[in-house]
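Visitor: I have this one open on the screen. Can you take me through it?
Guide: Go ahead and ask.

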Amino acid sequence: MKLDFWRSLLQLRSYDAVHFLGLPPHHGTNVTLKRRLNFYMVRLQRLLSQHVLLGFPLKLTVEASTACNLGCPACLTGAGERGRTRAHLPVSLYRKVMDELGEYLFEVELHNWGEPLMNRNLAELIRITSDKGVGTTLSTNFSLPFDRSRAEALVDAGLTTLGVSLDGAAQETYEQYRVGGSFDQVLANVDLVNDAKKKLRSTTPRIIWSFHVFEHNVDDVERACMMAGERGMDFEVSKGWVIGQEWNPTSTYKLFDAPSVDNCDFLWSRAVLNNDGGIAPCNGAFFKEDDFGSVQGSTFRSVWNNAAFREARMKFSETGGTTGPGRTICDDCPELATRRDYLAHLARGGTRGSFRNRFTSNDGYTYFFNRRNSFGSLAQGQKPTIKLETVNRS
């Protein structure tokens, strides 16, 4: 059963008008009239469950490089999977996409499954973005060779935010997840960026110590926070994802976000550009087989409204059911399951405030990681798939 236009409007009774009107985070972005008008167009079409979009995405996730130097166990790249050819995003391809999207975006994040600093043209990608008046976010393990010239290039290019993944306060705890990483190397590289900021008299990038908490490093949080302050870094801590059941569900540390009751943010508001030009439906899509199209030889607009994207958006207007053969990455995603749970909840007379989500972001991460049982080196079933249907927190 599909929601029609009027039924979609009834959802406004459970929607926060302030949330609808508020602009997304836009550090380093020049909020022009064109961006503002596009923002409200996108948000309205998302609210009304429209499948063909007139607006452009508000945020772009870019896979600057599919290569990585570490072996983080809960990352598909770190686990040795190859979702697509290991390579760096060409500057020419990125420039083409930004020429089409740049005037509408509020943010570009230049990272996903790989280590972005392995792309030696990263500063040029940042410069292209900055010249469009768009803020940039970069997340790095920062445990790789770096020098003053590269640090100054990042700062001079206009990088807005630099997130540094440091899950510990000493090598012994840090390396248990960041396998192959050097704690001292990361800190030395942070110092180089701070020196570059002083030399160039720049207030950006904002540098964040990003600490993912696991059972093995929980005692390091306080010390890490102090060390971050000593280097002028902001400190952000969140519960680390694991594959399977969430570790210590009663922990005071909380997971980052949860599946939304609204239509999928990615299918309406965000886009993912891979290094080979593939456009994925979300940043959880690692394998090329899950792409919905490519901008190689095509415009972004034609991909954004192709049959795959339209059909995926349509699923979020349904209260149940699945597709037949050729099912996509969206069909079993906790985002879709949450949306359908929510629509059924409203149909029973419930409200947004009374809805209880049965999924967490750990369930979502596990779902995406286990796509390797279909496409990756474990396709022969060497490891069991954890079925989300067994997880119920209602």
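Guide: A place to begin is I208, which sits in strand β5. The model is predicted, so local features need pLDDT of at least 70 and side-chain atom pairs count only at pLDDT 80 or more, while totals for chains, interfaces and linings use all residues. Residues are numbered from 1 along each chain as its sequence is written, and side-chain values use heavy atoms, with hydrogens and water left out.

Visitor: How are helices and strands assigned?
Guide: They are DSSP runs numbered from the N terminus, helices being H or I with at least four residues and strands E with at least two.

Visitor: Is I208 buried or exposed?
Guide: I208 is buried, at a relative accessible area of 8%. Buried means under 20% relative accessible area, exposed over 50%, and partly exposed in between, with a 1.4 Å probe and protein chains only.

Visitor: What does I208 touch?
Guide: Leaving aside residues up to four places away in sequence, I208 touches T161, L162, G163, V164, M233, D234 and E236. Contact means heavy atoms within 4.5 Å. As for V190, its C-alpha atom is 9.9 Å from that of I208, and the two are 18 residues apart along the chain.

Visitor: T161 is in that list. Where is it?
Guide: T161 is in strand β4, residues 161-165. It counts as buried, at 10% relative accessibility. Not counting residues up to four places away in sequence, T161 touches T136, T137, L138, P205, R206 and I208.

Visitor: Where does P205 lie?
Guide: P205 lies in the loop between α8 and β5. The peptide bond joining T204 and P205 is cis, with omega about 5°.

Visitor: What else is in that loop?
Guide: T203 is found there, between α8 (183-199) and β5 (206-213). T203 counts as exposed, at 72% relative accessibility. T203 and T160 are 43 residues apart in sequence, and their C-alpha atoms are 9.0 Å apart in space. R201 also has its place in the loop between α8 and β5. R201 has a positive phi of about 55° although it is not a glycine, and at 81% relative accessibility it counts as exposed.

Visitor: What about F142, which also has a positive phi?
Guide: F142 is not a glycine either, and its phi is about 55°. F142 is found in the loop between β3 (135-140) and α6. It is buried, with a relative accessible area of 0%.

Visitor: Changing topic: how many aromatic pairs are there?
Guide: The rule pairs rings of Phe, Tyr and Trp (its six-membered ring) if their centres lie within 6.5 Å; planes under 30 degrees apart count as stacked, over 60 as edge-to-face and the rest as tilted. By this rule the count comes to 20 aromatic pairs. One of them is W209 with F235: the ring centres are 6.3 Å apart and the planes are at 55°, so the pair is tilted. W209 lies in strand β5 and F235 in strand β6 (residues 234-239), so this pair ties together parts that are 26 residues apart in sequence.

Visitor: How accessible are W209 and F235?
Guide: W209 is buried, with a relative accessible area of 0%, and F235 is partly exposed, at 21%.

Visitor: Which residues form an aromatic cluster?
Guide: W113, W241, F286, F287, Y365 and F375 form one.

Visitor: Now helices. How do α5 and α6 pack?
Guide: Helix α5 (residues 122-131) packs on helix α6 (residues 148-157) at an angle of about 10°, with axes 8 Å apart. That makes α5 roughly parallel to α6. Angles under 35 degrees count as roughly parallel, over 145 as roughly antiparallel, 65 to 115 as roughly perpendicular and the rest as oblique. The axes are lines fitted to C-alpha atoms, for helices over the stretch in contact, and angles run from 0 to 180 degrees between N-to-C directions.

Visitor: Which residues make the contact?
Guide: L122, A123, I126, R127 and S130 of α5 meet A153, L154, D156 and A157 of α6.

Visitor: And overall?
Guide: The protein has 15 helices and nine strands. Of its 394 residues, 54% count as buried.
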